[in-house]
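Student: I'd like to go through the aromatic rings in this one. Can you take me through them?

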Amino acid sequence: MKHVPLIAVLVLVVAACNLSSKLKSNNNSNSTSSSGSETTGGEQIEKANPTAAQSAAIANGQEVKWEQQGITWTMPTNWAKQDVRNETLSYGGGGAFLSGNISTMGPDFPTDVSIKAMYEGLKTNQKIGKYDEVKWMEIDGLRGILFRESKQEMADDIRRLEWQAYRKYAGQSQLVTLILSTNDANFPKHQDELYGILYSMKIVH
């Protein structure tokens, strides 16, 4: 099941590139995170630290490995593989889903400038109500951006929790995009397991 087409990821990357020159010239959450000492552009980078409820939601769960990409999660036992390929992954259970996407960048792609531009774009969209959570989030030592869509208009509309980060892997620069989702009506019921799965991630970088 492909909840978010690859084109959505590419749009984010293109938007980031368009903002890169501007950045060069200018040189509440349902999760609990421990504040890191690092900052990016004056914004604090939080470190993933699941709540008791988020940990309980994946307790005694199964270990799921994305062998091709060196990424591992703990998922509830009722989650099952839907599709796993070299650059895309999909698992789901009980009406909730995890989609993973890997986009490979050229050797000269400005990853640091790009992710900062992405963050600024997301913060702008938060101000107009598209997202109700946008923050820097480090998971397993890799800095990324965590953002969550606001409550949707219709109960059956898909609501997403996303995390994006750049990493070096197998000699390449990659954009890692993880999307955890369910319909809006069921999001409150599933959100602890969605955060729990995300924060359980181990990723090679």
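Tutor: A search of the whole structure finds five aromatic pairs. Rings of Phe, Tyr and Trp (its six-membered ring) pair if their centres lie within 6.5 Å; planes under 30 degrees apart count as stacked, over 60 as edge-to-face and the rest as tilted.

Student: How are the rings of W66 and W73 arranged?

Tutor: Their centres are 6.4 Å apart and their planes at 25 degrees, so W66 and W73 are stacked. This is a predicted model: local features need pLDDT of at least 70, side-chain atom pairs count only at pLDDT 80 or more, and totals for chains, interfaces and linings use all residues. Residues are numbered from 1 along each chain as its sequence is written, and side-chain values use heavy atoms, with hydrogens and water left out.

Student: Is W66 buried or exposed?

Tutor: W66 is buried, at 0% relative accessible area. W73 is buried too, at 1%. Buried means under 20% relative accessible area, exposed over 50%, partly exposed in between (1.4 Å probe, protein chains only).

Student: And why does the pair of Y131 and F147 count as edge-to-face?

Tutor: The planes of Y131 and F147 are at 85 degrees, with centres 5.4 Å apart, so the pair is edge-to-face. Y131 is in strand β8 (residues 131-139) and F147 in strand β9 (residues 142-149), 16 residues apart. Strands (E, at least two residues) are DSSP runs, numbered from the N terminus. Both Y131 and F147 are buried.

Student: New topic. Which ring does the charged end of R167 sit over?

Tutor: That of Y169, 4.0 Å from its centre. R159 lies over the face of F187, at 4.4 Å from the ring centre. The cut-offs: NZ of Lys or CZ of Arg within 6 Å of the ring centre and within 35 degrees of the ring normal.

Methods:
Helix = DSSP H or I, 4+ residues; strand = E, 2+ residues; numbered from the N terminus.
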